[in-house]
Amino acid sequence: MLLRTRLTVLFAGITGCILLICSISVYFFSSRYRGLEFEERLQQKIEATARLYADIDEVDARLLRIIQQQELGVLPNEQIQIFSIDGEEVYRSDEIRYFEVPKEFVSIVISNGIDYTRIGIFEVFGKIYKGKSGTFIVVGGGYDKFGLSKLRNLRNVLVLVTLGGILIFFISGWIYTGRALKPISGLISQAENMTPENLKARLDEGNGKDELARMAKAFNLLFERIEAAFKLQKTFVANASHELRTPLTIITGQLEVLLLKPRNEEEYKLAVEAILDDIKRLNRITNALLLLAQTEKNRSELPINHVRIDEILWQVRSELMKSHSEYEVKVSFIKQPKEESDFAIEGSELLIRTALINIAENACKFSKNKTAIISLDYDGNTVIIICEDHGIGISENEMKLLFQPFFRSTAVTAYQGHGLGLALVDKIIKLHSGTIRVESVVGEFTRFEIKLNHEYIR
């Protein structure tokens with residue numbers, strides 16, 4: 001069922017129920033008022049009759065009957081009876097008996113002094129009357145023809161008004177919800193027209209103030225992220241295929257050249273070493289791509305451990321200086337820890353070590369003296385890592401592209417690399433709810449400042 005139909009049915013149902021409750025209330029109180037009014041009229045009739053019969057000596061039963069027949073305001077099928085205290089009938093207003101008064105009713109009137117009941121279609125009222133000539137039980141009844149007719153007319157009017165009101169509510173609700181949902185229909189149409197080839201399109205945000213505008217803004221932000229993800233994916237696929245194809249092409253070419261003619265042992269050794277270097281390069285790119293893919297995992301899926309940053313830095317120093325004899329990594333502490341937990345965080349040890357290796361390796365690679373200076377500090381619940389080098393630096397224009405996959409500065413074309421290191425660092429730090437800030441002056445220095453919280457925030 002469409003939202004417009006559901007809202008219309010809901011609107012008509014709620015308003016219809018309210019109207020129905022009001023109509024039933026009107027009918028109920030009108031019926032109750034009619035009954036009380038008719039009861040009061042009966043009471044006045046029987047009191048007047050009892051007064052004439054019991055208190056005026058000149059009026060006998062025959063004269064009283066004549067007076068009542070000539071009286072204005074006689075009720076339809078009116079019947080007034082007077083009984084002695086023994087329950088014997090001593091007077092009846094009409095020779096025609098419209099209803100029989102049960103002896104049980106007379107007994108109840110004698111016991112209670114007054115009673116009201118229904119006998120078929122007739123409403124009957126009885127009470128004890130004490131007059132000059134004695135005590136009597138006066139019972140009067142009749143059929144409220146006009147009151148019940150008015151009540152039936154009221155019922156018919158209320159039924160028609162209720163049904164008509166529900167119909168009007170449904171029609172007006174359909175029109176109103178159609179107008180209210182028209183902007184949403186427009187947004188749906190705009191969203192349906194968006195394709196991977198047309199990701200730059202955005203939803204109309206209207207007046208920019210109401211809930212629909214907020215929803216359009218939220219979707220536009222989502223579309224911006226999707227567009228960025230598509231662009232990143234295209235760039236990633238293009239660059240990854242290029243980076244992987246280059247070493248594979250080189251290896252293929254080297255092997256084909258090697259097989260063109262027989263060669264001596266030294267030539268084979270040089271060829272194998274060159275191929276091995278290309279394979280190692282291919283292996284590094286593949287590992288970097290796998291780690292980059294791992295950082296795209298859901299945060300809750302990562303293995304989280306207690307990680308000592310100071311211990312990882314010493315491991316990074318040892319690993320880099322062992323694999324690259326020309327590199328030097330200097331580690332220092334800005335503030336001496338009071339407890340072991342000052343430099344400890346909750347996170348993925350593998351990813352943190354990978355990020356720090358990439359930062360330190362870049363610092364050594366691009367530094368003039370192949371030296372990375374790493375300082376460790378802490379501030380409350382934050383561990384601060386500062387890595388600095390004195391090398392080629394990064395230009396201001398290239399700074400905003402620094403963490404994009406496969407981006408390489410024009411100043412580092414002479415250096416071996418694949419442009420995945422800093423992209424991987426950025427994702428790892430963000431995955432651990434940390435921040436990374438870069439300062440650089442071309443030809444002088446580059447400084448990375450990383451801040452990590454002690455507690456891993458999922």
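Visitor: Leaving aside neighbours within four places in sequence, which residues is Ser367 in contact with?

Guide: In this predicted model, contact means heavy atoms within 4.5 Å. With neighbours within four places in sequence left aside, Ser367 is in contact with Asp389, His390 and Gly391. Ser367 itself belongs to the loop between α8 (349-366) and β9 (371-379).

Visitor: Is Ser367 buried or exposed?

Guide: A residue counts as buried under 20% relative accessible area. Ser367 has a relative accessible area of 4%, and is therefore buried.

Visitor: Which value of phi does Lys370 have, and where is Lys370 found?

Guide: The phi of Lys370 is near 55°, which is positive in a residue other than glycine. Lys370 is found in the loop between α8 and β9. With a relative accessible area of 27%, Lys370 is partly exposed.

Visitor: What is the phi of Ser433?

Guide: Ser433 is not a glycine, yet its phi is positive, at about 55°. The loop that holds Ser433 runs between α10 (421-431) and β11 (435-441). Ser433 counts as partly exposed because its relative accessibility is 26%, between the limits of 20% and 50%.

Visitor: Where in α4 does a kink lie?

Guide: A kink of about 45° lies at Leu181, shortly before the proline Pro183. Leu181 is also one of the buried residues of α4, which include Gly178 and Leu187.

Note on methods
Residues numbered from 1 in each chain as written. Predicted model: local features only at pLDDT ≥ 70, side-chain atom pairs only at ≥ 80, totals over all residues. Heavy atoms only, no water. Bend = angle between axes of the 7 residues up to and from the residue. Helix = DSSP H or I, 4+ residues; strand = E, 2+ residues; numbered from the N terminus. Buried < 20%, exposed > 50% of the residue type's maximum accessible area, 1.4 Å probe, protein only.
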